[in-house]
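Subject: Structure handover

Hello,

Here is the structure you asked for, with the sequence. My notes follow below it.

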Amino acid sequence: MRSDQGQGDWIEIKLEPHAGMRGRCSQCRRPAPGYDRLLERRWQFVPLWGMRTYFHYRPRRVACVEHGVVVEHIPWSEGKRPVTCAMMGFLARWARRLSWRETAQVFQTSWEAVYRSVEWFVQWGLAHRELHGVEAMGVDEIHWGRGLRADNFLTVIYQIDAHCRRLLWVGKRRSKATLRRGLKALGPEVVQGLSFVCSDMWKPYLQVIAAQAGHALHVLDRFHITTHLNQAVDQVRRSESSRLRAAGKARSQGLKHLRWGLLRHGRRIRGQVRQRVHALLRSKMATARAWELKETFFDFWKYKSVLWAGAFLDYWTERALRSRLEPMRKVARMLRAHQELILNWFRAKGEISAGTVEGLNNKIRVVTRRSYGFRTYEAMEIALYHTLGRLPEPESAHRFC
Ligand SMILES: [Zn+2]
């Protein structure tokens, strides 16, 4: 055991090879006669009794009949990494529960060491994951960081089958090239095997999906359509609120506080907010009409038959187009333009659950928001695979969590 002022105590474990056992070739793992020994190296091991612990060892070089003079196989180490595999696995598992910075603090190591450990863990998982049986895929864009530059968006590809929901791929930007890159990375077998693809009405995605996964049923996601409706209601409310404010009317204040209430589905509005919404509805204000239109649209999802759903869509868009509320008319035009893909929702007959993409998106946001810890995009990408990829894990004798 050693100690140093300011750094605390640490444990050094000196390892020696067994005199009667030959080293193994690092290429083929077969025993081979010794050649010489290299300088001592140090690896960080899992902390013992709360103290940093290091292995010290002088690796042997062996003369393999097939591979010549090579460094021996060292079971606790991989390549030139200064951390043992056990410790990398240990840090990586904890890094799912704590932020990377906290993990580094608690286990007395550096942020960089945590990053490299998670990276190793994720790379192993990606190399060993199984991609058979992906039937339903969700494609979405996620905003990341500050600003609205192209680099502030991510394209994510999920598996959204009922038996397995996970992040399959993530890449920078939301262009056609990005999605093509993602589908290529997953491989033609995965794309060929798809039965359902679920996405937003984002044009570059629609085009790539039509070109590459035309055999799958392409469904526009219910969650995205609801989002567009909510945004339209909010736009109407904001412009009406500022119009009233300009005219000095007291009602603008009331509208201001209704923002979140209006996003909720009618039956879930309670208490004071409920009274305010009712007052608003009686008022015949533009916001009230927009909200009522949005609420009516919920009935759309209750249909079982494609035919009736289509008829409802015609009726609803007709009403919205005549509403003189520009944001609502915009949504109606968008829904009409993509009518077939929206009706595919009913053709998928409940194979796709509405909340899946939304739920995964929310989980992604938790990770990206933790992002002040992630100094680079690369680090965040690793973190996303780590938390949402459901990747297989390397075997380890040191499972602590
Ligand atoms: Zn060999």
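Helix axes here are lines fitted to C-alpha atoms over the stretch in contact, and angles run from 0 to 180 degrees between N-to-C directions. Helices (H or I, at least four residues) and strands (E, at least two) are DSSP runs, numbered from the N terminus. This is a predicted model, in which local features need pLDDT of at least 70 and side-chain atom pairs count only at pLDDT 80 or more, while totals for chains, interfaces and linings use all residues. Residues are numbered from 1 along each chain as its sequence is written, and side-chain values use heavy atoms, with hydrogens and water left out.

Helix packing

Helix α12 (residues 306-321) packs on helix α13 (residues 326-337) with the axes 8 Å apart and an angle of about 150 degrees. That angle makes α12 roughly antiparallel to α13 (under 35 degrees counts as roughly parallel, over 145 as roughly antiparallel, 65 to 115 as roughly perpendicular, the rest as oblique). The crossing of α12 and α13 is left-handed; a crossing is left-handed if the near helix is turned anticlockwise from the far one by less than a right angle, and right-handed if clockwise. Residues in the contact include Leu313, Trp316 and Leu321 of α12 and Met328, Ala332 and Leu335 of α13 (contact means heavy atoms within 4.5 Å).

Helix α13 also packs with α7 (residues 222-246): their axes come within 8 Å and cross at roughly 160 degrees. Helix α7 is therefore roughly antiparallel to α13, but the crossing of α7 and α13 is right-handed. From α7 the contact includes Ile225, Leu229 and Val236, and from α13 it includes Met328, Val331 and Leu335.

In helix α6 (residues 203-212), the buried residues are Pro204, Tyr205, Leu206, Val208 and Ile209. Buried means under 20% relative accessible area, exposed over 50%, and partly exposed in between (1.4 Å probe, protein chains only). These buried residues of α6 pack against several elements, among them β8 (136-143), α4 (176-186) and α14 (339-347).

Zinc site

Which residues are the protein donors of the zinc ion? They are Cys25 (SG), Cys28 (SG), Cys64 (SG) and His67 (ND1), at 2.1 to 2.3 Å from the ion. Donors are N, O and S atoms within 2.8 Å of the metal (3.2 Å for Na, K and Ca); water is not among the atoms, so sites may look incomplete. The angles among the 4 donor atoms are 103 to 116 degrees, and the site is tetrahedral (four donors with all angles between 85 and 135 degrees). Along the chain the donor spacing is C-x2-C-x35-C-x2-H. Cys25, in the loop between β2 (8-14) and β3 (34-37), and Cys64, in strand β6 (residues 60-64), are 39 residues apart, and the pair links distant parts of the chain. Cys25 is buried at 0% relative accessible area, and Cys64 is buried at 8%.

Single residues

Ser117 sits in helix α3 (residues 111-128) and is buried, at 1%. Leaving aside neighbours within four places in sequence, Ser117 is in contact with Met88, Leu91 and Ala92.

Gln108 is in the loop between α2 (100-106) and α3, and Arg173 is in the loop between β10 (164-172) and α4. Gln108 is partly exposed at 34%, as is Arg173 at 40%.

Regards

How values were computed: Tetrahedral: all angles 85-135°; square planar, octahedral: opposite > 155°, others 65-115°.
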